[in-house]
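Have the model open as you read.

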Amino acid sequence: MIKFSDRQLKTPKLMRPVYLVTAGQSKFDRAIPEKRTEELCVDALTMAARLIDKSPAELKSYIHSCYYGHFADHFGDQLLGEAVIHDRLGLDPLGNIGVKTGGATGGSTLWEAVKTVASGYSDCVLAMGWERMDEVPTDEGNHLISCAADKDWETPLGHIYTGYYAVMAQKYWQVFGKEEESFRRTLAEIAVKHHGYARFNPYAQAPMDITVNDVLNSPVVAYPLRALDCCLMSVGAACAIICDEDTAMKLTHNTKNKPLRIWVAAGSHTLRPACRRDMEIPLLPNESPDQYADLGERFPGGDRYPGFTGFLAARMSAYYGYRMAGIVDPMEDLDVIELHDAFTISDVQTYEDVGLRPYGYGRDYVESGDCYHTNPNTGEPGKLPSNLSGGLIGCMHAVGATGIMQTLEVASHIWNRWAEIHGDQKIWDEFGREKPDDWTDLQVKDAKRALAISHAGVGSHVTATILMDPDHLLKEDA
Amino acid sequence: MSIFGTVRVKNGQYKIKGDFHHITPNMPIRNEEDGWKLMGITNPRAMTYMHSYGGEAPFFESISQGKILGTRCDDPDCEFKGTSYIPFRIHCPDCLSKNTIVDFTDICKNTGTIHTFMVCERFGAFNTLEKPIKFINVEFDGISTILMSYLSIGEPEMGLRVVPIFRTRNPTYTITDLSWVAEGVAEEDLPEGFTYG
Ligand SMILES: [Zn+2]
């Protein structure tokens with residue numbers, strides 16, 4: 001579709017308030033030969049229980065239905081892996097279902113869990129996501145990922161998903177980046193930032209102390225993208241417990257976790273970028289129709305929307321999500337975010353899709369220093385820090401778990417437990433990872449509201465997960 | 001002895017001949033740092049699928065014959081009547097009526113222009129294209145969508161005019177039978193098996 005009816009653009013409404021109570025995750029790594037997937041899921045659920053001072057058995061006794069995010073059956077070579085995990089978690093005979101929406105699988109799993117609680121069907125739901133991408137070597141893994149593109153029109157072309165994705169990066173690079181060396185360095189700064197923040201995260205797979213020049217000298221994958229501009233391929237699991245108000249209060253009573261209000265909204269767009277048709281830009285609450293009238297003059301070639309430069313699905317997830325939760329200006333209303341940095345350049349494209357900057361000006365979110373925990377230009381706290389976990393570039397992209405990992409990460413700031421969750425020496429030791437001498441507490445002070453964007457492939461599915469401290473809502477009836 | 005699996009359709013059913021899978025032994029995975037203890041097992045998989053092109057079959061036949069078929073919604077009641085599609089869409093995405101198949105070969109030859117591109121230094125298992133792969137997205141006058149393909153000869157840049165070439169000799173009947181070159185390449189210089197149609 002390229003025109004949308006008012007019915008289709010209705011602001012989604014949850015039938016009752018829904019809360020994120022706790023969450024957990026496993027170690028993330030390129031390969032974890034010593035553990036089966038179920039062991040990683042047990043690790044995640046055990047952590048979620050521990051954060052609210054419960055035993056896994058106690059927490060399980062509250063769970064009424066289960067949503068499992070697992071994208072690629074062929075990676076794990078186990079069809080219906082959800083049933084295996086469900087049994088091993090000892091959750092029979094509860095109802096359960098698998099969710100798969102490519103890279104957005106984690107976010108989509110939360111979307112389903114939230115709606116289940118909002119509808120009244122369940123008072124407590126488990127959302128668990130995982131991926132097992134170490135059962136094949138990287139070449140074969142690239143082939144398997146490329147099977148998520150159109151198998152007749154795209155996959156035979158190189159069997160490499162990057163090929164279908166990076167044409168969009170190239171368009172953005174030339175039209176909005178104007179092929180400027182300064183923009184290329186800005187992209188590299190994103191990789192430096194995400195690998196750098198990963199150094200303070202014991203769960204993260206790719207901590208690196210690198211420079212912009214290291215990124216610019218890493219091997220070309222698809223010009224202008226280089227190896228260090230790209231996300232990871234990972235193994236791991238993450239989970240969240242989603243509840244109604246009464247259950248949330250019971251489960252968190254006398255614990256350090258305050259139940260957080262949660263909303264999830266979703267959008268979609270063509271699986272094949274080739275099939276995108278031109279349309280008007282759906283506007284976010286902080287945008288006006290006239291501000292894009294001369295976009296093609298300011299950025300020659302930039303007059304087609306979404307063209308190959310915008311992610312309509314990301315735009316729509318924010319379109320629905322912001323209105324649902326009362327967000328007007330994400331830069332003012334949010335305190336911490338996690339974005340789906342599949343590539344440094346798609347991170348920038350997303351800044352625009354979700355309204356951190358207007359279309360065409362995403363790079364300013366980095367160059368202004370707003371995206372950092374501490375703004376390197378001023379030494380003051382960044383205005384809206386992003387991807388303090390390390391993101392997909394520094395922490396992990398265990399596809400089905402990614403959107404849930406992001407949600408745990410931003411929740412840990414609102415819970416004011418970031419340092420505890422990431423700094424505990426025991427976790428570093430357990431994972432066989434060395435805690436750096438300059439380990440830094442990245443807790444965002446007084447964080448009350450957060451956003452996590454979970455994104456599939458070339459933008460076929462995107463979810464926006466919004467968290468708020470219930471005492472700091474933006475809208476009465478949200 | 002094994003022979004490639006082959007398939008034909010007769011009386012509306014698949015008739016198969018040859019081998020559709022190969023059995024390769026499982027091999028143990030052992031930990032050399034821990035007394036060569038067993039950690040896992042390899043699971044080889046080599047299997048041939050039977051895949052229907054369904055209503056898109058005319059397109060995949062046409063590229064082996066030097067033609068590019070697209071489609072158009074001609075439903076008089078459709079708000080977007082007259083919208084033309086490459087890639088070929090069997091049904092109109094707006095009204096869902098069956099699209100008309102249209103031969104767009106001339107439009108492709110005369111107006112194909114690179115919208116965006118990417119030179120990919122990497123590729124996945126089973127890749128058959130020459131490396132690096134020059135991915136291109138080609139736009140055409142009067143067509144609402146932008147085809148993903150690959151450039152065989154020439155250096156890709158946005159706005160470059162390109163013309164289609166077709167694997168008319170020994171076609172694979174996959175999308176790789178359609179490729180593009182910059183204008184002005186002599187037919188004898190095209191990659192093996194390809195012609196201008
Ligand atoms: Zn129609």
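The questions below go through the metal site, the interface and some salt bridges of this predicted model.

Q: What makes the four cysteines the protein donors of the zinc ion?
A: B:Cys73, B:Cys78, B:Cys92 and B:Cys95 each place an SG atom 2.3 Å from the zinc ion. Along the chain the donors follow the spacing C-x4-C-x13-C-x2-C.

Q: Why is the arrangement around the zinc ion called tetrahedral?
A: The 4 donor atoms subtend angles of 105 to 115°. As a reference point, the ideal angle for four tetrahedral donors is 109.5 degrees.

Q: How do you know which parts of the chain B:Cys73 and B:Cys95 tie together?
A: B:Cys73 lies in the loop between strand S5 (69-72) and strand S6 (84-85) of chain B, while B:Cys95 lies in the loop between S6 and strand S7 (100-103) of chain B, so the pair ties together parts that are 22 residues apart in sequence.

Q: Why is B:Cys73 called buried?
A: B:Cys73 has 1% relative accessibility. Buried means under 20%, so B:Cys73 counts as buried.

Q: And what makes B:Cys95 partly exposed?
A: The relative accessible area of B:Cys95 is 30%. That value falls between the 20% and 50% cut-offs, so B:Cys95 is partly exposed.

Q: How do you know that chain B and chain A are in contact, and what does the interface bury?
A: 45 residues of chain B are in contact with 39 residues of chain A. Between them the chains bury about 3,800 Å², with 63% of it on carbon and sulfur atoms. B:Met118, B:Arg122 and B:Met148 supply 15% of the area that chain B buries against chain A, more than any other three residues.

Q: Which polar links and elements belong to this interface?
A: There are 15 residue pairs in polar contact across the interface of chain B and chain A. On the side of chain B that touches chain A, the elements giving two or more residues are helix H1 (57-63), strand S8 (113-120), strand S9 (133-139) and strand S10 (147-153) of chain B. S8(B) gives the most, with 6 residues. The count of salt bridges between the two chains is 4.

Q: What makes the pair A:Arg277 and B:Asp94 a salt bridge?
A: The closest N and O atoms of A:Arg277 and B:Asp94 are 2.9 Å apart. The cut-off is 4 Å, so the pair qualifies. A:Arg277 lies in the loop between strand S8 (260-268) and helix H11 (295-298) of chain A and B:Asp94 in the loop between S6 and S7 of chain B, so the pair joins two chains. A:Arg277 is buried, with a relative accessible area of 7%, whereas B:Asp94 is partly exposed at 25%.

Q: How do you know that the salt bridge of B:Glu155 and B:Lys134 counts?
A: The closest N and O atoms of B:Glu155 and B:Lys134 are 3.6 Å apart. This is within the 4 Å cut-off, so the pair is a salt bridge. B:Glu155 lies in the loop between S10 and strand S11 (162-167) of chain B and B:Lys134 in strand S9 of chain B, so the pair ties together parts that are 21 residues apart in sequence.

Q: Why is A:Gln443 called buried, and what does A:Gln443 make a polar contact with?
A: At 6% relative accessibility, A:Gln443 is under the 20% cut-off, so A:Gln443 counts as buried. The side chain of A:Gln443 makes a polar contact with the side chain of A:Asn416 at 3.4 Å. A:Gln443 lies in the loop between helix H19 (425-430) and strand S10 (449-455) of chain A.

Technical notes: Residues are numbered from 1 along each chain as its sequence is written. Chains are lettered from A and ligands numbered from 1 in the order in which they are written. This is a predicted model: local features need pLDDT of at least 70, side-chain atom pairs count only at pLDDT 80 or more; totals for chains, interfaces and linings use all residues. Side-chain values use heavy atoms; hydrogens and water are left out. Donors are N, O and S atoms within 2.8 Å of the metal (3.2 Å for Na, K and Ca); water is not among the atoms, so sites may look incomplete. Four donors count as tetrahedral if all angles lie between 85 and 135 degrees; four count as square planar and six as octahedral if opposite donors are over 155 degrees apart and all others between 65 and 115; anything else is irregular. Helices (H or I, at least four residues) and strands (E, at least two) are DSSP runs, numbered from the N terminus. Buried means under 20% relative accessible area, exposed over 50%, partly exposed in between (1.4 Å probe, protein chains only). Contact means heavy atoms within 4.5 Å. Buried area is the accessible area (1.4 Å probe) that two parts lose on being put together, summed over both. A salt bridge is a side-chain nitrogen of Lys or Arg within 4 Å of a carboxyl oxygen of Asp or Glu. A polar contact is a pair of N or O atoms within 3.5 Å; within protein, one must be able to donate a hydrogen and the other to accept it, and residues adjacent in sequence count only if both atoms are side-chain atoms.
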